[in-house]
Amino acid sequence: MEKPKTNIINKSYELPPDILQQIFSKIPFFNLPTCRLVSRTWNNLISSCKFDPSTSIYHLFFARFYSSRHRNLHCVEFDPQHVEGMSIVASFAFHPDFCSASSRITIINSCSGLISLLITKRRRRGQRRDVVCVLNPITNEYFKHPNLRLKGDKVPNYCYGLGFSPKTNQYKLARTHFAHNEFIVDIFAFGTSCEWTPIGSVPNFLNEYHGVYFNGGLYWVGSQKQLPNGGLSDYTGVVYRLDLNDEKFKKISIPFGGDEPYVGVYNGTLYLTLCCEDFDYHVWKMKEDFSWSKEFVLALPENILHSLHRHHPIGYYLQLVKFCEDGSILCLCAGILLIVYDPKTQQMEILTDQDFEIKEGMWFHQIESFSFNSLHNTLTGKC
């Protein structure tokens, strides 16, 4: 007897969105672009969600190596068990237009999942062209600011900073340059204006490195004269904060003493490091009222000081990188030495192999969050 025919229907079942999001949070972030290709549902879910790196298996730190050999942006994972304390888990190639032999790529800063870059291209007869870019490293989508074509000896040395205004839900670029015995400050507000808008000036000196974003403000380290007609020794350090809501500056005094002042973001707060005598680094934490409290002093052993004297590609700055589960702190000194320091025991371990010639420096930028939303909508506050 012939069996009756049955209609076989293939049904595609999708997991609930909350389950999918939990799965995505466990996947290395650099595999998420591939996951978007599985189905329209997966693409929409990944694109509409913001993922917290603290729930991911990797902490998102991007490294820029200061060497002509490296033309990529690298995502690194820190672990003292790795060789020299870190491993590269993903690499991102810059656009070919940025990577010519005559171009120099500098990371300005990171802000809310985005990275700002400065590409400088040298031309003939002393000309150069500066291009400022904002990059979403997850989607490789970038915004390129209109070119600045500069010529001759009067070329300004611009310092930049990318920040976010919580009030307008809008990203802003700031730049500073020295002119007429003061630092001029301009703002480029995404979605509001197509050009730089002057917002004022700073009547003191700013160190020639880019701004650091934290909690609605951009921070620069500078110096001011203690006496009107004083010499070089009569300058004292100062930090300037640009509030991105009202676009006004606030001057913040810093503790006296020490060289190579550096401000950075670490473990949810802003910190300041100063290099004092015999390479004793004093680490200060900024409080809510913009005052400072000393956290610890890191004294480098004498047997590694010779490395710093031979190699200091970006100065003797101390960068606090990562707070480890055991309470120790991972630091980067002078762009070349990875150090694990335990504040409780005041003991340290040098992870960088000192038996090899150090040929390049590096700097790290942490990504607090990331998303697949349109970069244009993100910058202009439309999502």
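An open sheet of four strands runs in the order β19-β20-β21-β22 with antiparallel pairing, where strands are DSSP runs of E with at least two residues, helices are runs of H or I with at least four residues, and both are numbered from the N terminus. Two strands are taken to pair if DSSP finds at least two bridges between them. This is a predicted model, in which local features need pLDDT of at least 70 and side-chain atom pairs count only at pLDDT 80 or more, whereas totals for chains, interfaces and linings use all residues. Residues are numbered from 1 along each chain as its sequence is written, and side-chain values use heavy atoms, with hydrogens and water left out.

**The sheet β19 to β22**

- β19 (259–266) and β22 (292–299) stand at the edges of this sheet, and because each has a single partner strand, one side of each is left without a neighbour in the sheet.
- Neighbouring strands of this sheet are turned by 25° against each other on average, direction ignored, with axes being lines fitted to C-alpha atoms (for helices over the stretch in contact) and angles running from 0 to 180 degrees between N-to-C directions.
- β19 and strand β20 (residues 269–275) run antiparallel and are joined by six bridges, and within this pairing Y262 stands opposite T273 in β20.

**The sheet β10 to β13**

- Another open sheet of four strands has the order β10-β11-β12-β13, again with antiparallel pairing.
- Its edges are formed by β10 (159–165) and β13 (197–202), each of which has a single partner strand, so one side of each is left without a neighbour in the sheet.
- In this sheet, too, neighbouring strands are turned by 25° against each other on average, direction ignored.
- Strand β12 (residues 182–189) pairs with β13 in the antiparallel sense over five bridges, and F183 stands opposite V202 in β13.

**Salt bridges**

- Side chains of opposite charge can pair when their charged atoms come close.
- The count of salt bridges comes to three, a salt bridge being a side-chain nitrogen of Lys or Arg within 4 Å of a carboxyl oxygen of Asp or Glu.
- E247 forms a salt bridge with K172, with the closest N and O atoms 2.9 Å apart.
- This pair links distant parts of the chain, since E247 lies in the loop between β17 (235–243) and β18 (248–253) while K172 lies in strand β11 (residues 170–179), 75 residues apart.
- E247 is partly exposed, with a relative accessible area of 24%, whereas K172 counts as buried at 5%; buried means under 20% relative accessible area, exposed means over 50%, and partly exposed is in between (1.4 Å probe, protein chains only).
- R175 and D186 also meet through their side chains in a salt bridge, at 2.9 Å from N to O, and this pair links R175 in strand β11 with D186 in strand β12, 11 residues apart.
- Both partners are buried, as R175 has a relative accessible area of 9% and D186 has one of 5%.
- D243 forms a salt bridge with R241, the closest N and O atoms being 3.4 Å apart, and R241 is buried, with a relative accessible area of 11%.

**Single residues and their surroundings**

- N136 lies in strand β7 (residues 128–136) and is buried, with a relative accessible area of 4%.
- Leaving aside neighbours within four places in sequence, N136 is in contact (heavy atoms within 4.5 Å) with G113, L114, E141, S371, N373 and L375.
- P343 is found in the loop between β25 (337–342) and β26 (347–350), and at 31% relative accessibility P343 counts as partly exposed.
- Apart from neighbours within four places in sequence, P343 is in contact with G327, S328 and I329; the C-alpha atoms of P343 and I329 are 7.8 Å apart, although these residues are 14 apart in sequence.

**The chain as a whole**

- The chain has five helices and 28 strands, and buried residues make up 51% of its 383 residues.
- Among the contacts in the chain with a separation of 6 or more, 46% are between residues 24 or more positions apart.
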